[in-house]
Amino acid sequence: MMKLVLILLLPGIVLCGPEENEGVKYASKCEACKILATELQARLSETGKSHEVIELGYSVDDVKPKKRTEYRRSELRLLESMENVCDRILEYNIHKERKDSTRFAKGMSETFQTLHGLVNKGVKVDLGIPYELWDNPSAEITQMKTQCETMIENFEDIIEKWYFNKQDEVPLIKYLCEDRVLRANDHQCLYETIPTKTDKEDSTEKKHKKQEL
């Protein structure tokens, strides 16, 4: 059976030894805040259209009326949304074919799609780690989850202020990350997006035209 050794071609797959020697590049503060804001905003969006009214407080004799509030404006919704939000980072993977912050994205990377395809065709691929561990969260992902948890702890009051006062006016990624967590010249990654097929085609076309000139 054919054997393919890719350890040297895929730095960072084998996670032992110093970070720089293994090709591991941990998330910057900008990248961690971007993912946190994206995931928390997504969780809030899942319940943001609810018009449910909830009652808060209680009274033994039911004489004192309970406080009624919209669920979408309630502290309960915020607490439920923040609970375990950093666990959603474990759904991300490292896409090493990308060099900017979009290297952190959900879904299997092109590299691992190729490797799994080779295995499915009967090619033996040796990455230095067992096959069943290929899809486990990488060091970069687990470390970013820790960054996320620390960030929530340190900026919980800021998130609450945004939620109760600004959630309909300013995106969380701007209110939290751009305006408060990061320095003025350190938030370039926040608005980086994965290029669409059309973007790639336009880039290739411009490159060809430039070469012709």
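A salt bridge is a side-chain nitrogen of Lys or Arg within 4 Å of a carboxyl oxygen of Asp or Glu, and the predicted model described here holds 12 salt bridges. Side chains of opposite charge can pair when their charged atoms come close.

The mean pLDDT of the protein is 77, with 64% of its residues reaching 70 or more. Over residues 1-21, by contrast, the pLDDT is below 50, although this stretch has 43 contacts in the model beyond near neighbours in sequence. The secondary structure comprises 7 helices and 6 strands, which follow one another along the sequence in the pattern β-α-α-β-β-α-β-β-α-β-α-α-α. Of the 213 residues in the protein, 36% are buried, and the accessible surface amounts to about 13,800 Å², with 52% of that area belonging to carbon and sulfur atoms. Among contacts between residues at least 6 apart in sequence, 65% join residues at least 24 apart.

One of the salt bridges is formed by arginine 88 and glutamate 39, whose closest N and O atoms are 2.6 Å apart. This pair links distant parts of the chain, since arginine 88 is found in the loop between α3 (75-82) and β4 (92-94) and glutamate 39 in helix α2 (residues 29-47), 49 residues apart. Arginine 88 counts as buried because its relative accessibility is 17%, and glutamate 39 likewise counts as buried, at 4%. Both residues also belong to a network of salt bridges that links Glu39, Glu46, Arg88, Glu91 and Lys106.

A further salt bridge joins arginine 73 to aspartate 168, with the closest N and O atoms 2.4 Å apart. Arginine 73 lies in the loop between β3 (67-70) and α3, and aspartate 168 in the loop between α5 (139-166) and α6 (172-181), so this pair ties together parts that are 95 residues apart in sequence. With a relative accessibility of 33%, arginine 73 counts as partly exposed. Lysine 166 and glutamate 169 also meet through their side chains in a salt bridge, at 3.5 Å from N to O; lysine 166 counts as partly exposed at 31% relative accessibility, whereas glutamate 169, at 56%, counts as exposed.

The structure holds 1 aromatic pair, in which tyrosine 163 and phenylalanine 164 are arranged edge-to-face, 4.9 Å centre to centre and with 80° between the planes. Tyrosine 163 counts as buried because its relative accessibility is 1%, while phenylalanine 164, at 39%, counts as partly exposed. Elsewhere, the charged end of arginine 180 sits over the ring of tyrosine 175, at 3.7 Å from the ring centre.

Terms used:
Residues numbered from 1 in each chain as written. Heavy atoms only, no water. Phe/Tyr/Trp six-rings, centres within 6.5 Å; stacked < 30°, edge-to-face > 60°. Buried < 20%, exposed > 50% of the residue type's maximum accessible area, 1.4 Å probe, protein only. Lys NZ or Arg CZ within 6 Å of the ring centre and 35° of its normal. pLDDT = per-residue confidence, 0-100. Contact = heavy atoms within 4.5 Å. Helix = DSSP H or I, 4+ residues; strand = E, 2+ residues; numbered from the N terminus. Areas by Shrake-Rupley, 256 points an atom, 1.4 Å probe, with all protein chains shown as cover.
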